[in-house]
Amino acid sequence: MPDRTDRASFVVLLLLCALPWSVQTFSNGGTTFVFGWGLFNTAPPNATYIWDFFFLYTRGLPGYIYAWPVSVCCYVGAVVSGLVGLVTGREDPRVTGGLLVVAGVAQLSLARGFSVQPYRTAWPLGTFAFLVVAWWLYWPAAKRRFQQVWS
């Protein structure tokens with residue numbers, strides 16, 4: 001693996017935005033998909049963009065919801081880091097991979113918060129996706145960097 005993001009790795013980073021980061025299923029049959037860009041509900045079908053959710057519908061939000069913008073910020077940071085690596089050839093894979101790991105942990109926190117609500121189950125798909133991408137694409141290069149520092 002290279003010590004910087006290549007084109008294929010950058011495409012994988014971008015594709016993470018198209019994947020639902022968390023999926024909530026309700027006992028009444030409805031489903032909510034949480035993406036980096038917003039929410040999509042199936043019953044009734046509608047979409048809410050993340051900026052509307054946080055700037056228009058902010059009253060009374062539970063604390064665990066704020067893990068969502070944390071994960072979005074970390075994801076955007078990882079994409080920016082990957083883009084810098086792609087364009088300039090200078091990237092620290094510990095930063096890109098680390099931001100993906102933090103985004104994954106934040107999504108796990110979000111899914112846990114949703115799961116303790118009655119009649120709802122949350123599936124943290126983003127946690128799995130972020131951790132797999134961090135491990136597969138960035139851990140080998142980050143490990144080499146850590147070994148260079150420690151030796």
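## Helix α1 and L13

L13 lies in helix α1, where helices (H or I, at least four residues) and strands (E, at least two) are DSSP runs numbered from the N terminus. This is a predicted model, in which local features need pLDDT of at least 70 and side-chain atom pairs count only at pLDDT 80 or more, while totals for chains, interfaces and linings use all residues. Residues are numbered from 1 along each chain as its sequence is written, and side-chain values use heavy atoms, with hydrogens and water left out.

Is L13 buried or exposed? With a relative accessibility of 0%, L13 counts as buried, a word that stands for under 20% relative accessible area, whereas exposed stands for over 50% and partly exposed for values in between (1.4 Å probe, protein chains only). Leaving aside neighbours within four places in sequence, L13 is in contact (heavy atoms within 4.5 Å) with Y75, A78, V79, G82, T96, L100, V133 and Y138. Although L13 and Y75 are 62 residues apart along the chain, their C-alpha atoms are separated by 8.6 Å.

## The nonpolar core

L13 is also one of the residues with the most contacts inside the largest nonpolar core, together with L16, W68, L100 and L110, and this core has 31 residues. A nonpolar core is a set of buried Ala, Val, Leu, Ile, Met, Phe, Trp, Tyr and Cys residues joined through side-chain atoms within 4.5 Å. Two or more residues come from each of α1 (7-15), α2 (50-55), α3 (67-88), α4 (93-115) and α5 (125-150), and α3 gives the most, with seven residues.

If residues up to four places away in sequence are not counted, L110 touches S22, V34, Y64, I65, A67 and W68.

## Backbone features in two loops

Most residues other than glycine have a negative phi, and most peptide bonds are trans. In this model, a cis peptide bond with an omega of about -5° joins A43 and P44, and P44 is placed in the loop between β3 (38-42) and β4 (45-49).

Y119, which is not a glycine, has a positive phi of about 65°. Y119 is found in the loop between α4 and β5 (120-123), and Y119 is exposed, with a relative accessible area of 65%.

## The salt bridge

How many salt bridges does the structure hold? The structure holds one, the term meaning a side-chain nitrogen of Lys or Arg within 4 Å of a carboxyl oxygen of Asp or Glu. The side chains of D92 and R94 meet in a salt bridge, at 2.7 Å from N to O. D92 is partly exposed, with a relative accessible area of 22%, and R94 is partly exposed as well, with a relative accessible area of 28%.
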